[in-house]
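Here is a friendly walk through some side-chain pairings, starting with charges and moving on to rings. Have the model open as you read.

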Amino acid sequence: MLNRCHILRHVSLLRRHIHFSSLPHSDGEVGAATDPTLLGRLSRLLLLHRFPAAARLLSTSPLTHALLHAALRRVRLDPDAALHLFRLAPYRPSLLAHAQLIHILAHARRFPAARALVASLLSARSIEPLFPHLAEVYRDFSFSASSFDLLLRAHADAGQLKDALHVFDEMVKFGCRRTLRSCNRLLNELVRVGDVGTAVSVFEQIRCTGTLPDEFTVAIMAKAYCRDGRVAQAADFVKEMEGIGVEVNLVAYHALMDGYCGVGQTEVAGRLLLSLKGKGLSPNVVTYTLLVKGYCKEGKMEEAERVVREIKENEKIVIDEVAYGALINGYCQRGEMDNANRIRAEMVDAGLQVNLFVYNTIINGYCKLGRMVEVEKLLQEMEDRGVSLDKYSYNTLVDGYCRKGSMSKAFETCDTMVKNGFTGTTLTYNTLLNGFCLCGAINDALKLWFLMLKRGVVPNEISCSTLLDGFFKAGKTEQALNLWKETLARGLGRNVITVNTVINGLCKIKRLAEAEELFGRMKEWKCPSVSLTYRTLIDGYCKVGDLGRATQIRIDMEHLGLAPSVEMFNSFITGLFVANQSDKVNAILVEMGAKGLSPNTVTYGALIAGWCKEGNLQDACSLYFEMVEKGLTPNLFICSALVSCFYREGKVDEANLVMQKLIYTDMIPNCSASTLDISKVAHAIESAAGGNHQSAKIMWNIVIFGLCKFGRVGDARNLFEDLKAKGFVPDNYTYSTLIHGCSASGFVDIAFGLRDAMLGVGLTPNIVTYNSLIYGLCKSGNVSRAVNLFNKLQSKGISANAITYNTLIDGHCKDGNTTEAFKLKQKMIEQGIQPTVFTYSILIHGLCTQGYMEEAIKLLDQMIENNIDPNYITYWTLIQGYVRCGNMKEISKLYNEMHIRGLLPANWTGHVKQADPIVNNQNVDICCLKTYRQC
């Protein structure tokens, strides 16, 4: 401890005396400028350690730079004398003097003091480099080679990589050996900053000198190869090192596992973990956490949870917040917030504190979904627990409010951030710019842009691109181009991202000549064209049918080694239809397959829209079913194209059926029960419809249905009223959708009001509409009113169907009135409507609920005699009835029948498990589905 304090005192003193002026360095010059007598007396006193006498001598004779250099040379073998001489200097000693002292300390193996002196010099940020002075002193003293190694390590530790590499190269010329420790420091810093190429080059030079890597070198280089995407090379390198006897530590295997996880090969990383014990290494919590992160990245959340369970079950490993945080982040990235909160609760139960990372992760998840109410609850919880927000937290909140369109809240958050000591960064301003652009408030975005410049916040390529893209999307092309010119004048914008944004904007408005001119200037600006640039131009020419120029650009792109992509082929498909060359479409698809590219949703969209435009419904429908079979989800564009084509052909029933099937594939992008952004959907619909009002109507009907499906009936009604005010003309499908949504949500009176409004605009409600009203009345317990409405159907010229009867039968059964239910079943048969499996299941459920098990079994037999096969729900209803009665013998018989009919679940274990009967919900869902299939 005393030695450490002694060193620190010297370093503190030396830092106060650093002088960077240029002084004569040669021995001749020093000798000529120094009094030999004074030099001799001073040197003798210092070597005898008569430091007070030396101080008295210098009080009458000044200690010049030349005298200091000469005296240091005389006492170079005595580090204490050299250090005390430095203390006597009344000025800042030169870099040459410091170089002398560094050599003296290193030669005496006073390495801590030497390292501290070098670090203090580098932290002072001298313009003049230290290395030439060290080299000069080395030639004079003939020691100490270790000084260069100290400087190499110090430069690496300070992140001064250019200087470190210079020392690395130059010290070899003096015959100085680099220590492996210093080389490892340099390699590690190069990898940390992402300069993997230089790290590999340095490593090869180290190997060429015959220096054998150690375990730290292996770990650093494994990490370097993996960061460069060369995971296979990293694995070969580690194997090679093992082969020559170099120890490979757990850190190296962690780097290798992280590399495999990064390229989507988490299973391989898992096998590597299993092999560690055989190598004498014990996996720790970090090892397992890498697997958790890998599986989360691949979306394999069950596997990620399995790994977390393994950690918990391993008595030698203590699970930590990082492992739980990785799993929570995985669920948040997928928008599965219920699962994220479940894992958080599990984390708390394990005795761990929810840290800032976990809170930030969950906040980010909710913000991306637009669920700001939940975010504000979390913020209150953080405040209650004393967890303070950081800059990331505030920027995430700003982004969340901007996504939601709550710009005032976003600015309030910025104010709070500044009050709490955090400065708004370029990222903060970019988020606000994007928020204004999403809201269509382009003028506000422009004001913010100028405020950003006024406050000295330097915009980056994202800032420029966001604002330019906002102008183009708002149709303000000239303003966009004026901003672009101003951006260039400020020395900004000459980057790939911004230039691509402008080229894309020009292509969208068919100003292709200007787009090409800008494309040509990219070379002049030394701004490399990337694949996206070429694809954007190709897409622009394809949309105007100029396939010749599009093909030439493709040839130029391929000459540069840029491979064709699915997006490029999609553009050519669109272009062929625009140019009336649909006979060449198959050739494009064959070429795609030959290049190993598979059609995506956009490919199918282009094909379906193209064939629909030509009236070829057969090919369009075939492609639709093909994409569904491949697991691809149809989008709004595909829906619009298909349904519009059906309407043009006068096939209204088919159009509604297709629309219904498409609805159940969740076409609305990023739509969930709480995140549908109407303004964004409106923009998507306007873009997809392309000015076609019929297509727009179809898509708005889909959105209204989607809202009702998610239980957001209030939003659906508000949207409906807003659309009507803007000239939207609702049809039968629109009203039927809203009526069913209101009925299912218990707003029966509103549903009847919509029925009346429907009649008022000359639309005739059909059986679908009345089935929804009857269902709503039954669900709300008003069965008698439902029966009255049912009895009026005939007078309205409407015939009841199976769904009508099933809904009323279910209503009577729920009221305990099975007698009326069976009367309706008989009436149903008399009307020529055959009872379905749902009819019988509803009746059986009614009997079982009242304990009439014998009658329920008889009805099952009757059902089978009428060639109607019972389903799982039918049997499960009976089993639940017998469970209540405690009749295990009959339960066993029913299980045997289910087994024979193949109705047992795949995970059935043979045990009777108590569960809530699901016949009612299932019946409702089936009735609902069938109702809409009749639209």
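Let us begin with Lys 279 and Glu 242, whose side chains meet in a salt bridge at 3.6 Å, N to O. The term stands for a side-chain nitrogen of Lys or Arg within 4 Å of a carboxyl oxygen of Asp or Glu. This pair links distant parts of the chain, 37 residues apart: Lys 279 is in the loop between helix H17 (266-275) and helix H18 (285-297), and Glu 242 is in helix H15 (residues 231-243). Helices here are DSSP runs (H or I, at least four residues), numbered from the N terminus. Lys 279 is partly exposed, with a relative accessible area of 38%, and Glu 242 is partly exposed at 33%. Buried means under 20% relative accessible area, exposed over 50%, and partly exposed in between (1.4 Å probe, protein chains only).

Before going on, please note that this is a predicted model, in which local features need pLDDT of at least 70, side-chain atom pairs count only at pLDDT 80 or more, and totals for chains, interfaces and linings use all residues. Residues are numbered from 1 along each chain as its sequence is written, and side-chain values use heavy atoms, leaving out hydrogens and water.

How many salt bridges are there by this rule? The count comes to 34. Three of them are set out here.

| Salt bridge | Closest N and O atoms |
|---|---|
| Glu 189 and Arg 192 | 2.6 Å |
| Arg 403 and Asp 399 | 2.8 Å |

Glu 189 and Arg 192 are three residues apart in helix H12, about one helical turn. Glu 189 is buried, with a relative accessible area of 11%, whereas Arg 192 is exposed at 53%. Arg 403 and Asp 399 both lie in helix H24 (residues 391-404), four residues apart. Salt bridges also link Glu 303, Arg 306 and Glu 310 in a network.

Now for the rings. A search of the whole structure finds 17 aromatic pairs, counted when ring centres of Phe, Tyr and Trp (its six-membered ring) lie within 6.5 Å, with planes under 30 degrees apart called stacked, over 60 edge-to-face and the rest tilted. One of them is the edge-to-face pair of Tyr 138 and Phe 174, 6.0 Å centre to centre with 90° between the planes. Tyr 138 lies in helix H9 (residues 131-141) and Phe 174 in the loop between helix H11 (161-170) and helix H12 (180-192), so the pair ties together parts 36 residues apart in sequence. Tyr 138 is buried at 17% relative accessible area, while Phe 174 is partly exposed at 23%.

How values were computed. Helices (H or I, at least four residues) and strands (E, at least two) are DSSP runs, numbered from the N terminus.
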